Amino acid sequence: MTTFLATIPSPDRGVWQLGPIPIRAYALCIILGIIVAIWWGERRWVARGGLKGEVTDIAVFAVPFGLVGGRLYHVATDWQKYFGEGKNPWEAFAIWNGGLGIWGAIALGGVGAWIACRRRGIPLPAMADALAPGIVTAQAIGRLGNYFNQELYGGPTTLPWGLEIYERVDPATGFEDELGGVALDHTPLEIVHPTFLYELLWNLGVALLIVWADRKFRLGHGRVFALYVAGYTAGRFWIEIMRVDPATQVFGLRINVITSVVVFLGAVVYFVLAAKRGDREVIVRKEPADEETPESPYATTDGDTEPRTDESGSDKSESDKPESDKPGSDKPGSDEPGSDKTAAGASDAETKVPDTKPGGKSAE
């Protein structure tokens with residue numbers, strides 16, 4: 001018999017009943033992740049020059065699109081769970097039982113974000129850069145849902161952080177129920193690699209990496225998002241290989257392994273090509289009078305130095321100032337009543353007109 005120095009116990013259940021209403025840990029983790037992503041993305045977007053509340057507006061489109069996309073990818077790649085002899089196709093809609101593919105969630109969620117950004121005239125690459133750390137952190141939080149569902153783990157291990165897997169049953173019938181059941185006996189069936197924990201920690205590391213790189217190198221033009229995608233897929237590649245749950249095979253490999261490689265290469269190519277556009281773009285909100293169309297309230301410029309702006313975000317340059325406020329301008333009647341200088345009492349030295357350069361500025 002194998003002796004374990006330490007192990008990680010699994011929760012005895014992933015669903016609690018509040019009267020007739022089931023409270024599912026998986027759903028709570030997804031919701032918490034979305035809240036964190038919106039909150040953090042909002043702070044980063046405002047810091048980049050956007051308006052507060054716009055990330056929430058984008059999320060209204062991106063989140064539903066992402067949930068649908070994640071479910072479609074899961075059903076398409078694990079279709080044998082829902083279709084065929086003895087299967088119930090309606091289970092494909094039971095999203096509360098788990099089963100969201102991150103690839104489909106990001107892809108279709110990106111479509112929703114693009115639609116929302118286009119409607120509001122927001123540059124999508126800049127918005128994606130603001131959202132990237134929050135998205136990967138939300139993925140980390142979502143992995144806790146797999147822990148409560150006691151799913152997506154790896155093979156057997158004797159490591160001290162091995163995960164205990166229990167048999168869960170329906171207390172009323174005694175029949176096995178992996179998702180909705182309760183572990184009445186806490187004797188582990190096996191000790192396995194907690195791949196959910198590996199991915200959780202990896203995702204948090206990616207979040208720290210892209211925040212650091214963004215501050216250090218002033219990444220822009222979608223490169224923060226590309227770095228997030230590359231970092232996530234690099235970790236998902238080796239973690240996916242460790243998993244033992246049933247999955248569709250392509251060329252003898254799990255389909256998510258192939259997807260990780262393809263998406264990683266695409267993210268790296270984009271990151272390199274976008275670097276040619278220079279440092280982070282500056283987000284400038286136009287004044288209403290300057291807007292060519294009401295759908296485009298933002299303009300972006302390249303460069304390291306942000307234009308001087310007032311509280312409304314409009315660019316204040318010398319050309320915007322009244323003629324009388326420019327240095328060296330000759331303002332008629334500029335002497336205030338009661339001042340020592342008057343037209344009648346000024347000395348010759350005071351009334352002497354200085355030599356000027358073109359534009360009204362005094363020669364030095």
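Trp 16 stands opposite Ile 23 in strand 3. These positions belong to a predicted model, in which local features need pLDDT of at least 70 and side-chain atom pairs count only at pLDDT 80 or more, while totals for chains, interfaces and linings use all residues. Residues are numbered from 1 along each chain as its sequence is written, and side-chain values use heavy atoms, with hydrogens and water left out.

Strand 2 (residues 15-18) and strand 3 (residues 21-24) pair in the antiparallel sense over four bridges; two strands pair if DSSP finds at least two bridges between them. Two residues lie between the strands of this hairpin, where Gly 19 takes a positive phi near 65°.

The protein has eight helices and nine strands. Both kinds of element are DSSP runs numbered from the N terminus: helices are H or I with at least four residues, and strands are E with at least two. Of its 364 residues, 38% count as buried, meaning under 20% relative accessible area, against over 50% for exposed and in between for partly exposed (1.4 Å probe, protein chains only).

Helix 4 has 26 residues and reaches 35 Å from its first C-alpha to its last, close to the 38 Å expected at 1.5 Å a residue; the expected span is 1.5 Å times one less than the number of residues. A kink of about 45° lies at Leu 131 in this helix, shortly before Pro 133. The bend is the angle between axes fitted to the seven residues ending at a residue and the seven starting there. Because 21 of its 26 residues are buried, helix 4 is largely enclosed by the rest of the structure. Gln 150 follows helix 4 and has a positive phi, near 55°.

The largest nonpolar core has 18 residues, of which Ile 210 and Tyr 228 touch the most other members. Such a core is a set of buried Ala, Val, Leu, Ile, Met, Phe, Trp, Tyr and Cys residues joined through side-chain atoms within 4.5 Å.

Helix 6 gives the largest share, six residues. Leaving aside neighbours within four places in sequence, Ile 210 is in contact (heavy atoms within 4.5 Å) with Ala 132, Pro 133, Val 224, Leu 227 and Tyr 228. A second, separate core of 14 residues includes Val 55, Ala 62, Ile 283 and Tyr 298.
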